[in-house]
Amino acid sequence: MRDPAPRRLRRAAALLAALVALLLVPLLAGPARAQDAGAALARMATEQFAQIEAGIADLTASGSPLALPALEALADGRLYYSPDKSVFIKQADGRWIDARTGAASAADPASPKPVRLNNRVRRALEAALGSLSLMNPDPAKRLAAAEAVVKSRDAAALPAVEAALAKETDPRIRKALSQAKAATTIFLDTATESEKVAAIETVAGRGDQDALNLLGAVRERGTPILKLAAETASAGIERRLALLNGLQNVWYGLSLGSVLLLAAIGLAITFGVMGVINMAHGEMVMLGAYTTFLVQEFLRTRYPALFDLSLPIAIPLAFLVAGAVGVALERGVIRFLYGRPLETLLATWGVSLILQQTVRTLFGANNREVGAPSYMAGSFDFFGLTVTHGRLWIVVFAMAVFACLLFVLKATSFGLKMRAVTQNRRMASCMGIRTPWLDAMTFGLGSGIAGIAGVALSQIDNVSPNLGQSYIVDSFMVVVFGGVGNLWGTLVAALTLGIANKFLEPVAGAVLGKIALLVFIILFIQKRPRGLFAQKGRAVEA
Amino acid sequence: MTFRVTSFLAGAAVAAGVTLASFAAQAQDTIKVGVLHSLSGTMAISETTLKDVMLMLIEDQNKKGGLLGKKLEPVVVDPASNWPLFAEKARELVQKDKVAAIFCCWTSVSRKSVLPVVEELNTVVFYPVQYEGEESSKNIFYTGAAPNQQAIPAVDYLAENEGVKRWVLAGTDYVYPRTTNKILEAYLKSKGVKPEDIMINYTPFGHSDWQTIVADIKKFGSAGKKTAVVSTINGDANVPFYKELGNQGVKATDIPVVAFSVGEEELAGIDTKPLVGHLAAWNYFQSIDTPENKAFIEKWKAYTKNPKRVTNDPMEAHVIGFQMWVKAVEKAGTTDPNAVIDALIGVTVPNLTGGYSAMMPNHHITKPVFIGEVKADGQFNVVWNTPAPVVANEWSPYLEGSKDLIADWRAPLSCGNFNVKTGKCGGAGK
């Protein structure tokens, strides 16, 4: 082991040199640098991706203040070039800036073409922007820039990283910067082996997938000592990730389970409580999704600022639309068929086809785009677990709908009457409850909740006329497994099936996993025909 | 009396929803063209567009004076995404409506269902969708891409330009992805890719919960080698797949996804901003800037009266197929199937991307291959293309059972699966 003191000294000296260089660069060679930047920009005025990539590297290396705006414009697709090799930045207000001078362009460019990107150029661009934004006043941008360097491992960014590290005060960004420095050091030819081993340890401190990627690359082509260090470090990370994996499966299962719950809970009312086999249940879900689409279209054209409110607005509307269709279905078809399950099944199946084709005629057979409001998009990191916002909200939403429904059934007069009718229709009728009216309302409630489910499903699935079909079988499965007529059973069944599915999927694959679950449910129903939570008592026999 | 019978028949046919065309003209005055695409059910999403294209092409041809001095008359039937119904409807088109040619199908299973019927009744059929190959019928003309006209160039592009070393082959669980992935796996292994660097994953139709699979792909891509996903995921399952990719932050610069079934039409239902840079391989893109394509897009938008309508690859295939059929009928001077089938081989027509496509003796056409990257507006940015049109390998040279087979429907050979090893017509069987 070498004495650490001289190393620290040497590094400080290097840092100082880098700083001095960085400070001197603009002073010393302003015009010369601008010329470099101009030449680099001219290189980018081409169709050839390799030339554009080289241009980006030249532009970054030029250190010119013109580099950052030009590269940012390139990333946004606002960088244009003319056949005469001049390069322009198009501004949001449609005006043009000459990229080589940074001043407004005297005349509009002749036949401008956008500088094209492909993935290779985009990668080079991300790395370049990373090293250029390290000194950005915005801390979020600095953090993103440091992360970009970790990913790109661009050795050219090292001086900038070291300079930024010396100035940085935010501990989080400091950590990211030191990891960025380590990530580039690992692949530096000039770094010594012990420096690289230290760098491996720093990178391993991240303990995430990115670190594993980096270490994987070291294991591919490092020296034996480095390989050993990388292997030890990645073994530690892998243990951590394996633990996380279990947690991740539970979370995915919860999220799948809450989707199943949403789809099935309306059916738990119409099928579970009323005993109507409603094959058009999936189409109620679809109607809810299309309601969301219409709300979004309306907001997009009239009030674009309110777009984020589209889902809260769509929820009551979807409930009303699907609920109204449900009431109409009950009054128009189902009430003539009570006590004849087979006819009900066929009639509602027919209704489901009619609804599908109606929607297809009205909206076309293609998928409709339903956007995600800002709070539903993206993901966040929860101790190394990627949790997507959309899924998180859907879990919360499913639980909220469940709680509301439970409240309606247990604590309102409507719920009381509903339970009375299902337990003993004639007695309830004798007590003055209008049973036909109540049937219609109950069916409307179940359908309306399916409509609400449609709002949530529009965020994760296709909004097409076929949306409902893919959920109808799963919904029946959940209700039957949970025990007909029991809301809690539906909850437990949905979550159980969701989690079981997600633990089976990595082992058996998506197709076999689903088959295995179906077989399990068939066997389970043989043993316990009334499901997990069977209703007991005289009401069942009646 | 005759008039009354005809109008009664016409009324019955219209009432049955069988045909959209009016029966103003007598049967012998028109040449009937069968359009067999699902207008309801799961596949309506893709096939309705093809029906519209056919109606537009036929209308266009009639404006130019029809064919052989007669008007063309479209006979549109709806097989409702129901595979056995495809066979029934094809029989009906040939025997009852006496159509001269059928433009048909999307899925391979519907083509396989129609195949024995059209061979028995000897009809000319045009099939416009990219498919898994391993087939050549005397009566079917394949205007879509075979695997070597789409999948293999895409893999080559990724290996050469993106330096991809690790491959995820993800597909929906049915015949096209399974066969394509088998070919790709054999191809990659022949290029020296190790088995542990290939991950194959199948999902059911309409799969909507992609959390686990996307997480698996992320993990698979973390082994230090550049990883890409080759997706044969079918239409409907793509939207949730891409949404999950976007949400979990898998960017095209980290793990690019190249898709064979995602075109302009499919992207119309997604917010494409998180998908920028993911790839698709086709033989046509709407964004290709040629005068022919521009004229076609304008005509299509005017015909559908919708300035937002997009065009896609199978539409171009129908454009090519229809032109080829028209040319062959003119060459043969008759719509007699045998004459037209013979006349079709060697017919060359301009495609929409500035080149020409020729019908080869294996009943497949030559096609240029384009690789496009998704742009933020849902269109594609062409980043690579083959220098010249590619001839289709209907029998893959990378599969054990088919590498010795060739198809040649010209006179002396006239065989769809000639075995060059045994010198016999009849497949790989000994």
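In chain A, helix 5 (residues 119-132) and helix 6 (residues 139-152) have axes that come within 8 Å and cross at roughly 135 degrees. Helix 5 of chain A is therefore oblique to helix 6 of chain A (under 35 degrees is roughly parallel, over 145 roughly antiparallel, 65 to 115 roughly perpendicular, the rest oblique). The contact (heavy atoms within 4.5 Å) involves A:Glu126, A:Ala127, A:Gly130 and A:Ser131 of helix 5 and A:Ala145, A:Ala148, A:Val149 and A:Ser152 of helix 6.

The model is predicted; local features need pLDDT of at least 70 and side-chain atom pairs pLDDT 80 or more, whereas totals for chains, interfaces and linings use all residues. Residues are numbered from 1 along each chain as its sequence is written, chains are lettered from A in the order in which they are written, and side-chain values use heavy atoms, without hydrogens and water.

Over all chains there are 26 aromatic pairs (ring centres of Phe, Tyr or six-membered Trp rings within 6.5 Å; planes under 30 degrees apart are stacked, over 60 edge-to-face, the rest tilted). A:Phe520 and A:Phe524 form a tilted pair, because their ring centres are 6.0 Å apart and their planes lie at 35 degrees. In chain B, ring pairs join B:Phe103, B:Phe126, B:Phe141, B:Phe322 and B:Trp325 into a cluster.

| Charged residue | Ring | Distance from ring centre |
|---|---|---|
| B:Arg111 | B:Tyr127 | 4.7 Å |
| B:Arg166 | B:Phe220 | 3.9 Å |

Conventions. Lys NZ or Arg CZ within 6 Å of the ring centre and 35° of its normal. Axes fitted to C-alpha atoms, helices over the stretch in contact; angles between N-to-C directions. Helix = DSSP H or I, 4+ residues; strand = E, 2+ residues; numbered from the N terminus.
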